[in-house]
Amino acid sequence: MSDLNKLGLAEARDALRKGDTTSVELTEACLKAIDAADALNAFVHKTPEVAMERAKAADERIKAGDAPSMCGLPVGIKDLFCTKGVASQAASGILEGFKPEYESTVSQKLADAGSVMLGKLNMDEFAMGSSNETSVYGNAVSPWRRDGDEAQITPGGSSGGSAAAVAADLCLAATGTDTGGSIRQPAAFTGTVGIKPTYGRCSRWGIVAFASSLDQAGPMTKSVRDAAIMLEAMCGHDPKDSTSAELAVPDFEAMLTGDIKGKKIGIPKEYRMDGMPEEISKLWADGAEMLKAAGAEIVDISLPHTKYALPAYYVIAPAEASSNLARYDGVRYGHRAALEAGDGITEMYEKTRAEGFGSEVQRRVMIGTYVLSAGFYDAYYNRARRVRTLIKKDFEDVFAAGVDAILTPATPSAAFGLGEMTEADPVQMYLNDVFTVTVNLAGLPGVAVPAGLDKQGLPLGLQLIGKPWEEGDLLNTAYALENAAGFVAKPQQWW
């Protein structure tokens, strides 16, 4: 078999079981593709020795007939996941040289299932960003280009390296994390599938924390079926994470029937934003028609507190970030600034954090510290938490009224060029999260599915939002949408 790195998880699994290929051959194909794709800056810590060792072990396991679905499949791991003995920097200068002595629960589950780690993937620093331009490693670059244009395009953020690597066939799938859309937005920008599961479905233990009440890990894959396969391997109760749900993990792949007859799909009127590009409106309407043709009932719904979601998110997330990032002080691990004679502990903290954190992280830490300060705690943080409760209730009311899933755009536009959103106006960048943050605030599962191309040849995605713990049902609706949309476009190889 040629071009093994272009396979998806399901096809590669089936080929391995039939004996058409081996995990070693799959892994070698991916490592070769990675080495030829440095222009994308997707993989920032390559681990070929680890990969080959795991591939050989997986081949033995498959031969012995004791192999779960993910066994032998090469994947990339976002740099936010701690991986034992391998640099885990969260794309930040402050964690330079940090090699953990432990493995995150999610990456351990994938390893236990026999998957092969190819290396660590680029991302926005501490997962703060929507374009992968805040990374200490430099920008991740999308494999996509606008028609007739050489300009580099963002793969989205914060899981930009994961999205670029999957779209460019450098790995069969990758892990991402989603705090306000960081799986779904880059998936939509790169023509891939990304699911953020219900909060508590995947353990957060060993994942560098950004905003603990919002962060959730999930898979980024080439198809909905692949997402179902990888999600099952990543999920499960973890006593080391107090927010991890003690629920059985269903066989998500077995739930992909494509039959959505009689399902009620809600279309929220509040997501019709002023100035929404015509292409996004049309894609959304087309998506609703596709689901209707597949037998679903399309209903208009209202989520009245949507307009407060972005302001609430940009109070809660920085507040939690400011608290979580207080531990990076130059004392125990990571970067420590050089001190001058007479400098005390305060100077060490100040200089280390000023040198180690990039400007976006500094901005969010300062916002977070401000909204948590004594005079503003009630005015900002507590008010944002109350708004969050109202947003959650909006969704609960809609689901209680019989709606099975909600269809929205995934992003307000196609991917933009690197450097096109200037640092001068960070709010413009924050608006990229307008369709995704509500899902994190409410703790719901959401999936982005590629559904078309814009007039410049860049991918556009739709988002489906499901009921809590109903990822199987949500993936089945996404599967029906994927089948109807028939998206098969791939980027032209220029790198």
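Helices (H or I, at least four residues) and strands (E, at least two) are taken here as DSSP runs, numbered from the N terminus. The model is a predicted one, in which local features need pLDDT of at least 70 and side-chain atom pairs count only at pLDDT 80 or more, whereas totals for chains, interfaces and linings use all residues. Residues are numbered from 1 along each chain as its sequence is written, and side-chain values use heavy atoms, with hydrogens and water left out.

Asparagine 132 is found in the loop between β3 and α5, and its phi is near 60°, a positive value in a residue other than glycine. Alanine 127 is also placed in the loop between β3 and α5, and phi of alanine 127, near 70°, is likewise positive in a residue other than glycine. Asparagine 132 counts as buried at 0% relative accessibility, where buried means under 20% relative accessible area, exposed over 50% and partly exposed in between (1.4 Å probe, protein chains only). Alanine 127 is buried too, with a relative accessible area of 3%.

The axes of helix α8 (residues 278-293) and helix α15 (residues 471-485) come within 9 Å and cross at roughly 105°, axes being lines fitted to C-alpha atoms, for helices over the stretch in contact, with angles running from 0 to 180 degrees between N-to-C directions. Gly287, Met290 and Leu291 of α8 make the contact with Thr477, Leu481, Ala484 and Ala485 of α15, where contact means heavy atoms within 4.5 Å. By class, this contact of α8 with α15 has five nonpolar, two polar and no charged residues; Ala, Val, Leu, Ile, Met, Phe, Trp, Tyr, Cys and Pro count as nonpolar, Asp, Glu, Lys and Arg as charged, and the others, Gly among them, as polar.

Alanine 480 is found in helix α15 and is buried, with a relative accessible area of 7%. Although alanine 480 and leucine 291 are 189 residues apart in sequence, their C-alpha atoms are 7.2 Å apart in space. When residues up to four places away in sequence are not counted, alanine 480 touches Gly258 and Ile260.
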